[in-house]
Amino acid sequence: MKITKDLYQGSLALLTDFYQLTMAYAYWKSGKAEQEAVFNLFFRKHPFQGGFTIAAGLDYIVDYCKNFKFSEEDLSYLATMKGKDGQLLFESGFLDYLREMKFTCDIAAVEEGTVVFPNTPLVRVKGPLIQCQLLETPLLNIINFQSLIATKSARINLAAKGDPVLEFGLRRAQGIDGGLAASRAAYIGGCTSTSNVMAGKLFGIPVSGTHAHSWIMSFETEIEAFEAYADAFPDQSIFLVDTYDTINGIKNAIKVGNALRRNGKEMVGIRIDSGDLAYFSNIAREMLDEAGFSEAKIVASNDLDEHIITSLKGQESSINVWGVGTKLVTAFDQPALGGVYKLSAIKDEKGEWIPKIKLSQQSLKINIPGFHTIKRFFSKGKAVADMIYLEDQELNPQAALIIDPNDPTRRKRMMPAFYQEELLLKPIFEKGKLVYELPTIVKIRERVQSQLDSLDKTHKRLVNPHLYPIGLEENLHQLRMELVLKAKQVDTGNEAEN
């Protein structure tokens, strides 16, 4: 297959699953294309067996929706598609409809960098059924991956306890687009820099890096390599000391550090990429301190993640900068977030919203119906619960009962007088027009930190975190149960007797 140079420059309307197009055609054919609908994008379970998830990718969604259109090249390709009977799959009238279609949806979303929880909508799309349907795959592609990586990054940075974490996983990332999105999400999640120079250019992320073992190996001796690197970068020399012998490498770094100091410069530090990181970092700290380099940093790499960093911290290692690559950008041990996109309401001919339910043998997979939104409650600056409720529902001003959507026995009474409240879904597009001012990536990164600060430490534990309360307002819970019973054609009276 020929890959053209404008692969990432032109229309992305065909970046979708084939069944989205067949459904779109069937909607058009049946006269339902313009029927108004509401879809919600959410996930059912935190990644990494954690207690929180970081929402990321909204910036990409805005860019995608602003440029959403079918190009002539897209339509020409669709015009060639044939069914099993050998006939053209799509009528020319449908292709004309796609050619003239303008993005007119309303989109509301939680702001990028927000801490989010299962079953709560991250993105809500309202508009013509055909447009809502065509947005499913790209929105999931964007939100699932970036939220996954931002969450992994946040966990790693929590484990580092304030030490700088450098992301340098590009060479192990899932392709070009995966590498760029991962670098962006990793920075949002808390990393201080990336090795990905293109990500630095496109997103304004600080870039960092030193040298590889190949640099050392290209010289006759290790000390020659260090001297040449110090000559090239006298103000930012970090020496990789484990090419041949780590202890001797540290000694050579100290020799070159002394030469730098005589010239009025200062060695930044050393990097260890193999072996017993706790042991060698402590030896390095002793040697550096004795030589007068108490400010020199000790950078560690070598397949690190939040659990290894926690272990090294527990061993009282002397590492104070962490280089994390593969296990961050590939979200090692969980390849996908598992976000879904479900129809929750549709307008009938009278203009009334009809809530929709999807059933499953697993209660976890029964969606939340209706045109709903989210409110977060705070007490003394800490987030204490999220409530999902119908947007047009008049709430009890004295107290609201929230009920866990997966376990109705878990209930919590929220009394507004004792809490501060925040509506989490913000308007992003209204009738296809962007109404939201996108924050800078630095502001998004700062939001992640403030959001994590608002969580109790028990929710941020890497292992067996405490469950954050999320619930349906009782009227929404009741609606959901009624729709489930109706869909199953169960008589509630008989059910109660059984």
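Let's start with Ile470 and the residues around it: Ile470 touches Phe117, Pro118, Thr120, Asp386, Ile388, Ile403, Asp404 and Pro405, leaving aside residues up to four places away in sequence. Contact here means heavy atoms within 4.5 Å. Please keep in mind that this is a predicted model, where local features need pLDDT of at least 70, side-chain atom pairs count only at pLDDT 80 or more, and totals for chains, interfaces and linings use all residues. Residues are numbered from 1 along each chain as its sequence is written, and side-chain values use heavy atoms, with hydrogens and water left out.

Is Ile470 buried or exposed? Ile470 is buried, at a relative accessible area of 12%. Buried means under 20% relative accessible area, exposed means over 50%, and partly exposed is in between, with a 1.4 Å probe and protein chains only. Ile470 and Arg376 are 94 residues apart in sequence, yet their C-alpha atoms are 9.2 Å apart in space.

Now, where does Ile470 sit? Ile470 lies in strand E21. Strands (E, at least two residues) and helices (H or I, at least four residues) are DSSP runs, numbered from the N terminus. E21 belongs to an open sheet of 6 strands with mixed pairing, in the order E17-E16-E21-E15-E14-E18. The edge strands are E17 (411–414) and E18 (420–423), and each pairs on one side only. Two strands pair if DSSP finds at least two bridges between them.

Let's look at one pair. Strand E16, residues 400–403, joins E17 through 4 bridges in the antiparallel sense, and Ile403 stands opposite Arg411 in E17.

On to another sheet. Here 7 strands form an open sheet with antiparallel pairing, in the order E13-E12-E1-E5-E3-E19-E20. Why is one side of E13 and of E20 left without a neighbour in the sheet? E13 (353–355) and E20 (433–434) stand at the edges with a single partner strand each, so one side of each has no neighbour there. E12 and E13 run antiparallel, joined by 3 bridges, and Ala345 stands opposite Pro355 in E13. Helix H2 (58–66) packs on the sheet, touching E3, E5, E19 and E20, and its direction makes about 15° with that of E19. Helix H5, residues 129–160, lies across E1, E3, E5 and E12, at about 155° to E5.

Phe48, in the loop between E1 and E2, has a positive phi of about 60° although it is not a glycine. Phe48 is buried, with 6% relative accessible area. Ala331, in the loop between helix H13 and strand E12, has a positive phi of about 50°, and it is not a glycine either. Ala331 counts as buried at 1% relative accessibility.

Finally, the whole chain. The protein chain has 16 helices and 21 strands, and 50% of its 498 residues count as buried. Its C-alpha atoms fill a box of roughly 85 × 60 × 40 Å along the principal axes.

How values were computed. Axes fitted to C-alpha atoms, helices over the stretch in contact; angles between N-to-C directions.
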